[in-house]
Amino acid sequence: MTEAMSDERLERPQMAWLAGAVPEELRPRSHKILLEDFDLPVDIGFHDFEIGTPQRLRVNVEVWLRADAFPTTDAVADAWDYDQLHNAVIAMVGKRRFNLQETVAHEIYAMVAARDGVIGLRVSTRKPDVYPDCAAVGVEISSF
């Protein structure tokens, strides 16, 4: 194997836009990953009939990353681990009960915001089963 063939760039090719195939004006300006419409049972609510009775909570997490924190290769090691994010949300909401959706949203927000490379964040929670005449009731917090 020649030195050129062992070059990591050959083993892990960069995306086309990095190689000059895409004009400068079309280069990505933002990089985002999502956890969208994630439904999970959560012990949430402050009314007597809600306490101890898990309700369906729909969670959305949008994470904008610095360009250097977003993969530019097809190497799994360079990517954010969706399983880790998914499982961290499950573990966080499963370990206790909550009175308010705001608390759930803030805790998810703080957990994700602490990760390296995050430059923008939006977290929303919704309870889709509260009113028969509404799709959901919920909250959203974001960095913008």
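Colleague: Which residues in H2 meet residues in H3?

Modeller: On the H2 side there are Leu 85, Ala 88, Val 89, Met 92 and Val 93, and they meet Val 104, Glu 107, Ile 108, Met 111 and Val 112 in H3. Contact here means heavy atoms within 4.5 Å. Sorted by type, the residues of this contact are nine nonpolar, no polar and one charged. The nonpolar class is Ala, Val, Leu, Ile, Met, Phe, Trp, Tyr, Cys and Pro, the charged class is Asp, Glu, Lys and Arg, and the others, Gly among them, are polar. One caution before we go on: this is a predicted model, where local features need pLDDT of at least 70, side-chain atom pairs count only at pLDDT 80 or more, and totals for chains, interfaces and linings use all residues. Residues are numbered from 1 along each chain as its sequence is written, and side-chain values use heavy atoms, with hydrogens and water left out.

Colleague: Why are H2 and H3 called oblique to each other?

Modeller: Start with the values: the axes of H2 (residues 82-94) and H3 (residues 101-113) come within 11 Å and cross at roughly 140°. Axes are lines fitted to C-alpha atoms, for helices over the stretch in contact, and angles run from 0 to 180 degrees between N-to-C directions. Under 35 degrees is roughly parallel, over 145 roughly antiparallel, 65 to 115 roughly perpendicular, and the rest is oblique. That is why H2 and H3 end up as oblique. Their crossing is right-handed, a label used if the near helix is turned clockwise from the far one by less than a right angle, with anticlockwise giving left-handed.

Colleague: How many helices and strands are there in the protein?

Modeller: Three helices and four strands. Reading from the N terminus, the order is α-β-β-α-α-β-β. Helices (H or I, at least four residues) and strands (E, at least two) are DSSP runs, numbered from the N terminus.

Colleague: What makes Leu 40 buried?

Modeller: Its relative accessible area is 6%, so Leu 40 counts as buried. The cut-offs are under 20% for buried, over 50% for exposed, and partly exposed in between, using a 1.4 Å probe and protein chains only. Leu 40 sits in strand E1. Beyond residues up to four places away in sequence, Leu 40 touches Gln 55, Arg 56, Leu 57, Val 59, Val 89, Ile 90 and Val 93.

Colleague: Is Gln 55 buried or partly exposed, and how do you know?

Modeller: Gln 55 has 18% relative accessibility, and so it counts as buried. Gln 55 belongs to strand E2, and its contacts, neighbours within four places aside, include Leu 40, Pro 41 and Lys 127. Across the protein, buried residues make up 30% of the 144 residues.

Colleague: And why does Arg 58 count as partly exposed?

Modeller: Because its relative accessibility is 23%, which falls in the in-between class. Arg 58 is also found in strand E2. Among its contacts, with neighbours within four places left aside, are Asp 37, Phe 38, Asp 39 and Ser 124. Along the chain, Arg 58 and Ala 136 are 78 residues apart, yet their C-alpha atoms are separated by 9.0 Å.

Colleague: What is the phi of Asp 37?

Modeller: Asp 37 has a positive phi of about 50°, although it is not a glycine. Most residues other than glycine have a negative phi. Asp 37 lies in strand E1 and, at 47% relative accessibility, counts as partly exposed.

Colleague: Which residues have the most contacts inside the largest nonpolar core?

Modeller: Val 61, Val 63, Val 104 and Ile 108, in a core of 26 residues. Strand E1 (32-42), strand E2 (55-65), H2, H3 and strand E3 (118-127) are the elements that give two or more residues to this core. To be a nonpolar core, a set must be made of buried Ala, Val, Leu, Ile, Met, Phe, Trp, Tyr and Cys residues joined through side-chain atoms within 4.5 Å. Take Ile 108: not counting residues up to four places away in sequence, Ile 108 touches Val 59, Val 61, Val 89, Met 92 and Val 123.
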